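Biologist: Please pick one part of this model and take me through it slowly. I would like to know what sits beside what, and which residues show it.

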Amino acid sequence: MKFFLAVLVIASVAYAIPIDVGHYGPAYAIHAPVVHAPLIHAPVHKVVAEPVAYPKYSFNYGIKDPHTGDIKSQAEERDGDVVKGQYSLVEPDGSVRTVDYTADDHNGFNAVVHKSAPKILAHPAPVIAHAPLVHAPLYHGYH
């Protein structure tokens, strides 16, 4: 087998282009030479497909942290190209959002969302007052 090496060289000279920046006077944009990486031709190897293991798994987890109020869970299982799962979490208002989902080649991804009514929290979330937004005038064009 032979290896071929082709090198492409583009010679150019750095140059400056004057640009107008208003009453500050002209400025210059410097353009440097462009240098391309060498092209290397190598032999092509035949790709052999290896058998892929049948996709099958199941997992679940849950978090219940009373200090931060982070309460959530998830469970999912896969058998071939079919995935089924559910996750839930407690929203800041105390309601629980639960999502049941499925995915397969025929129906694609589908999810059904359920939300329970808000619960009365033992420690309500603090109300945070924000300062009003002040918009700066927009600058359009040159003077």
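**A close look at the sheet**

Modeller: Strand 8 (residues 96–104) and strand 9 (residues 108–115) pair in the antiparallel sense over eight bridges. Two strands count as paired if DSSP finds at least two bridges between them. Strands themselves are DSSP runs of type E with at least two residues, helices are runs of type H or I with at least four, and numbering starts at the N terminus.

A word on the source. This is a predicted model, in which local features need pLDDT of at least 70 and side-chain atom pairs count only at pLDDT 80 or more, while totals for chains, interfaces and linings use all residues. Residues are numbered from 1 along each chain as its sequence is written, and side-chain values use heavy atoms, with hydrogens and water left out.

Stay with strands 8 and 9 for a moment. Three residues link them in a hairpin. Thr-98 stands opposite His-114 in strand 9. Val-99 has Val-113 of strand 9 as its bridge partner.

Now widen the view. Five strands make an open sheet, with the order 5-6-7-8-9 and antiparallel pairing. Strand 5 and strand 9 are the edge strands, and each pairs on one side only. On average, neighbouring strands of this sheet are turned by 10° against each other, direction ignored. For such angles, axes are lines fitted to C-alpha atoms, for helices over the stretch in contact, and angles run from 0 to 180 degrees between N-to-C directions. Strands of a sheet pair through backbone hydrogen bonds, either parallel or antiparallel.

Strand 5 (residues 56–65) is joined to strand 6 (residues 70–79) by 10 bridges, and the two run antiparallel. Gly-62 has Ser-73 in strand 6 as its bridge partner. Four residues lie between these strands in a hairpin, and Gly-69 in the turn has a positive phi of about 80°.

Strand 5 also carries Phe-59. Phe-59 is partly exposed, because its relative accessible area is 34%. The cut-offs are simple: buried is under 20% relative accessible area, exposed is over 50%, and partly exposed lies in between (1.4 Å probe, protein chains only).

Move on to strand 6. Eight bridges join strand 6 to strand 7, and the two run antiparallel. Arg-78 has Val-83 in strand 7 as its bridge partner. The hairpin of strands 6 and 7 has two residues between them, and Gly-80 in the turn has a positive phi of about 70°.

Next comes strand 7 (residues 82–90), which contains Ser-88. Ser-88 is buried, since its relative accessible area is 18%. Leaving out residues up to four places away in sequence, Ser-88 touches Ile-71, Lys-72, Ser-73, Val-96, Arg-97 and Thr-98. A contact means heavy atoms within 4.5 Å.

Strand 7 pairs with strand 8 in the antiparallel sense over eight bridges. Val-83 has Ala-103 in strand 8 as its bridge partner. Five residues lie between these strands in their hairpin, where Gly-94 takes a positive phi near 95°.

Last, the charged pairs. A search of the whole structure finds three salt bridges. A salt bridge is a side-chain nitrogen of Lys or Arg within 4 Å of a carboxyl oxygen of Asp or Glu.

- Lys-72 and Asp-70 meet in a salt bridge, at 3.6 Å from N to O. Lys-72 counts as partly exposed at 33% relative accessibility, and Asp-70 is partly exposed at 30%.
- Asp-81 and Arg-78 meet in a salt bridge, at 3.7 Å from N to O. Asp-81 counts as partly exposed at 44%, and Arg-78 counts as partly exposed at 26%.
- Glu-91 forms a salt bridge with Arg-97, with the closest N and O atoms 2.6 Å apart. Glu-91 is buried, at 16%, whereas Arg-97 is partly exposed, at 28%.

For context, the protein has zero helices and nine strands. Of its 143 residues, 8% count as buried.
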